[in-house]
Amino acid sequence: MISYGIDIGTTTLRAIAVNIHINSLGERSFQVIGKPLCIFTPYTKERDLDEERITEELEAWITQEKIPTPDIGTLLFTGEAQRAQNATTFGQFLSSRWQGLLSAQLNPEMESRIAALGSGARELSQKHLGKPIIHIDIGGGTSNFALLENGEILDTACLDIGCRKWIFNDNAISYLTHQGKYIASLAEGKQPEQLAKVAVDLLIAYCQGKTDRLGSLEVVPWKSQKRRGEFPILSISGGVAECEGEETTARFGDIGPYVYRELKRRDAHIVFSREQGKATALGVSTFGFHFSGKSIHCDRDFPAQLRNVRLLSETEIRESAALPEVFALTASIQTTTAEEIEAYAIKMRQRIPAGKWVLFLFQGNIAKSFGYYFSKKSGERAKILALDEVRLETRSTNLQTMDMTYAKDTDRYLVVLKSLHLF
Amino acid sequence: MLVSSKNNFIEGLKQTTTARIGIGRAGFRYTTNAQLKFKEDLACARDSVRRDVPENLIQELDLLSLASRAKDRKTYLMSTSEGRFLNEESVARLSSQENSGIDVQIITSDGLSSEAFERNVPQILPILLERLKSEGLRVGPALFVRRARVALMDHVGEILKPKASIILLGERPGLGISDSLSGYFEYAPCFTRVESDRNVLSNIHGKGIPPTEAALMLAEALIKILSLKKSGMTVRFDFA
């Protein structure tokens with residue numbers, strides 16, 4: 001299988017193509033195709049992603065490196081890029097351009113997990129059994145933390161500290177973000193090395209559980225305080241980890257090289273990972289299952305094809321103030337008694353606003369009954385397609401999307417689940 | 001590690017079926033638990049076959065109560081052809097019913113398991129009726145025929161002349177499931193019909209196809225054979 005890993009971050013856009021071999025025992029091996037791509041993430045003046053340039057760059061890379069069309073792959077928007085207004089629509093465009101690509105805007109927790117797994121921090125943790133390891137992925141806009149022990153990720157966090165929050169021109173500094181200005185206010189001066197010192201101080205203090213100087217820099221806090229009083233082993237990835245030999249800000253225009261040198265100066269056990277681009281592609285991939293529901297309920301005008309529909313859980317339905325227009329829902333109900341199915345259908349009908357389009361996935365054989373009760377009462381309601389006998393056997397995280405196609409000749413609905421799969 | 005995952009796999013498989021697999025042994029014999037479970041299931045199966053559906057349930061479901069020519073349970077079991085025809089009294093009763101322009105005739109029966117009827121028909125019938133009526137179909141008086149076989153739908157067909165007919169009747173109990181129901185359906189039922197003219201949805205019970213789901217599947221299947229004007233082997237149903 002050919003897999004693309006495209007990571008559009010605050011500062012850099014990285015892309016890699018790998019040939020994944022999976023043998024009958026489930027063992028995987030990877031072979032990188034051509035040279036990975038690494039460019040500055042192009043933005044428009046309005047700080048939107050420059051769709052035209054990104055597409056051109058990717059197409060040029062594919063042609064130049066003679067990379068085949070992908071079977072699977074991941075398109076990740078991370079850091080500031082995921083906050084760009086056009087990230088969702090652009091992701092949808094790219095995943096329709098290269099079918100099989102899963103487009104995902106990572107939340108900080110996912111970003112932390114993927115960075116930790118992809119950079120080799122898990123293996124490092126397995127080597128140092130019983131010792132806490134904190135992995136920090138220092139990017140252009142944010143720093144993502146993951147606490148590991150014995151190869152397991154125990155906790156994650158995220159700070160709004162990155163290397164590209166300032167622009168330096170002939171010793172003059174301009175601030176790209178409010179957070180950059182705040183960090184600068186803590187520094188002794190406005191030189192890159194002084195900013196880097198503060199940034200590293202804040203990062204290391206945060207590893208030790210100290211938050212007093214953070215202000216509003218804490219995007220996602222640690223969930224627990226377990227063992228962060230002692231100083232752990234640090235594992236670093238992101239652009240900073242690749243700054244060895246970079247003397248000034250000249251090449252990248254950010255403080256990455258200074259942060260790298262500052263970290264090196266600290267009296268701590270720090271390991272740098274320099275294969276983030278490759279690690280991202282190998283650490284994350286799509287995972288597809290094809291299903292056809294055994295029993296189906298379909299509202300008359302439900303679309304025959306859906307692409308990249310978000311897969312939500314019941315908890316997300318309960319907690320989300322604004323649900324997407326179209327989404328899929330993995331239903332937890334297992335019962336086959338009419339009363340319980342009816343009660344569940346009524347609950348769902350009340351919970352999901354009219355005008356939405358929902359693809360319900362049931363594990364048991366109840367799709368028709370559910371559809372019957374859902375549509376029994378007249379009045380405005382969401383339009384639904386219910387499929388059953390769908391088993392989502394995946395070890396992946398909760399970030400999933402799916403495609404659905406109605407195959408008219410066989411009268412079947414084909415469903416492809418696409419999820420981030422952490423190897 | 002390998003042994004453990006193999007055991008987990010077998011345990012997982014066992015959860016998916018009521019069949020007697022991996023029940024173990026004690027020396028040359030079954031374990032006491034397996035032996036007791038066998039006796040319990042056999043008793044359930046015998047009860048299902050021998051017991052009659054209570055009359056008050058038939059009234060509750062508003063079914064017209066009829067009977068086949070098999071005058072008792074023993075005759076029904078020993079002489080299968082007797083279950084294929086209505087007795088004289090039932091023929092007279094049915095003939096007095098309004099029979100013009102019936103699209104679908106619903107017949108229910110205890111068949112070989114009264115438990116299957118009691119557990120499933122009360123759930124299936126209202127949904128099946130409602131779904132058929134929502135399509136504008138005229139449904140004949142719902143019948144309950146004691147001790148019926150599948151082909152009894154042809155005898156009813158000769159009297160009421162419906163466009164299609166369905167019979168819901170209890171299946172022969174196994175040692176794991178004693179409440180399984182089947183729904184046989186046929187286009188233009190009459191005495192010239194043969195087995196291959198019928199279709200069936202079987203295994204309707206709590207651990208198989210849930211009754212509410214089966215009701216909707218059967219309704220859609222009946223709508224299909226009415227639109228195709230044929231049933232049997234030439235019509236394919238994947239019940240999907």
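**View 1. At 40% relative accessibility, B:Asn203 counts as partly exposed, a class that lies between buried (under 20% relative accessible area) and exposed (over 50%), with a 1.4 Å probe and protein chains only.** The residue belongs to strand β6 (residues 198–204) of chain B, where helices (DSSP runs of H or I, at least four residues) and strands (runs of E, at least two) are numbered from the N terminus. Although B:Asn203 is not a glycine, its phi is positive, near 65°. The model is predicted, so that local features need pLDDT of at least 70 and side-chain atom pairs count only at pLDDT 80 or more, while totals for chains, interfaces and linings use all residues, and side-chain values rest on heavy atoms, without hydrogens or water. Residues are numbered from 1 along each chain as its sequence is written, and chains are lettered from A and ligands numbered from 1 in the order in which they are written.

**View 2. B:Arg147 sits in the loop between β3 (143–146) and α7 (152–160) of chain B.** This residue, which is not a glycine, has a positive phi of about 55°, and B:Arg147 is buried, with a relative accessible area of 10%. For the setting as a whole, chain B contains 8 helices and 6 strands, which follow one another along the sequence in the pattern α-α-α-β-α-α-β-α-β-α-β-β-β-α. Of the 240 residues of this chain, 47% count as buried.

**View 3. B:Glu82 lies in the loop of chain B that runs between α4 (73–78) and α5 (88–95).** With a relative accessibility of 26%, B:Glu82 counts as partly exposed.

**View 4. Helix α1 (residues 51–64) of chain A has 14 residues, and its end C-alpha atoms are 20 Å apart.** This agrees with the span of 20 Å that the helix should have at 1.5 Å a residue, the expected value being 1.5 Å times one less than the number of residues. The buried residues of α1(A) are A:Ile54, A:Thr55, A:Leu58, A:Trp61 and A:Ile62. Seen down the helix axis, these buried residues fall within an arc of 130°, so they line one face of α1(A); the arc is that of the directions from the axis to the C-beta atoms. On the face turned away from the buried side, α1(A) carries the exposed residues A:Glu52, A:Thr63 and A:Gln64. The helix is followed by A:Lys66, whose phi is positive, near 50°.

**View 5. Helix α6 (residues 192–207) of chain A is mostly covered, since 12 of its 16 residues are buried.** Among the buried residues are A:Leu195, A:Val198, A:Leu202, A:Ile204 and A:Tyr206. From its first C-alpha to its last, α6(A) reaches 22 Å, close to the 22 Å expected at 1.5 Å a residue. Just after this helix, A:Gly209 takes a positive phi of about 90°.

**View 6. Strand β19 (residues 357–361) of chain A is largely enclosed by the rest of the structure, because 4 of its 5 residues are buried.** Strand β18 (residues 326–330) of chain A runs parallel to β19(A) and is joined to it by 5 bridges, where pairing requires at least two DSSP bridges. In β19(A), A:Phe360 is the bridge partner of A:Leu329. From β18(A) the chain crosses through helix α10 (residues 338–351) of chain A to β19(A), in a right-handed β-α-β crossover, that is, one whose path over the helix runs clockwise with the strands pointing away from the viewer. β19(A) is likewise joined by 5 bridges to strand β20 (residues 383–387) of chain A, and these two strands run parallel. In β20(A), A:Ile384 is the bridge partner of A:Val358. The chain passes from β19(A) through helix α11 (residues 367–376) of chain A to β20(A), and this β-α-β crossover is right-handed.

**View 7. A:Ala104 belongs to strand β5 (residues 101–105) of chain A.** With a relative accessibility of 4%, A:Ala104 counts as buried. From C-alpha to C-alpha, A:Ala104 and A:Leu75 are 6.2 Å apart in space, while they stand 29 residues apart in sequence.

**View 8. A search of the whole structure finds 1 cavity of 30 Å³ or more.** A cavity is a set of points, on a 1 Å grid over the protein atoms alone, where a 1.4 Å probe fits but cannot get out, and its lining residues have an atom within 4 Å of a point. The largest cavity has a volume of about 40 Å³, a volume being the space filled by probe spheres set on the points, which are joined across faces, edges and corners. Its lining consists of A:Gly79, A:Gln82, A:Arg83, A:Pro108, A:Glu111, A:Thr142, A:Cys158 and A:Val219.

Key
1 Å grid on protein atoms, 1.4 Å probe; cavity = no way out; pocket = protein on both sides within 12 Å on 5 of 7 lines; lining within 4 Å.
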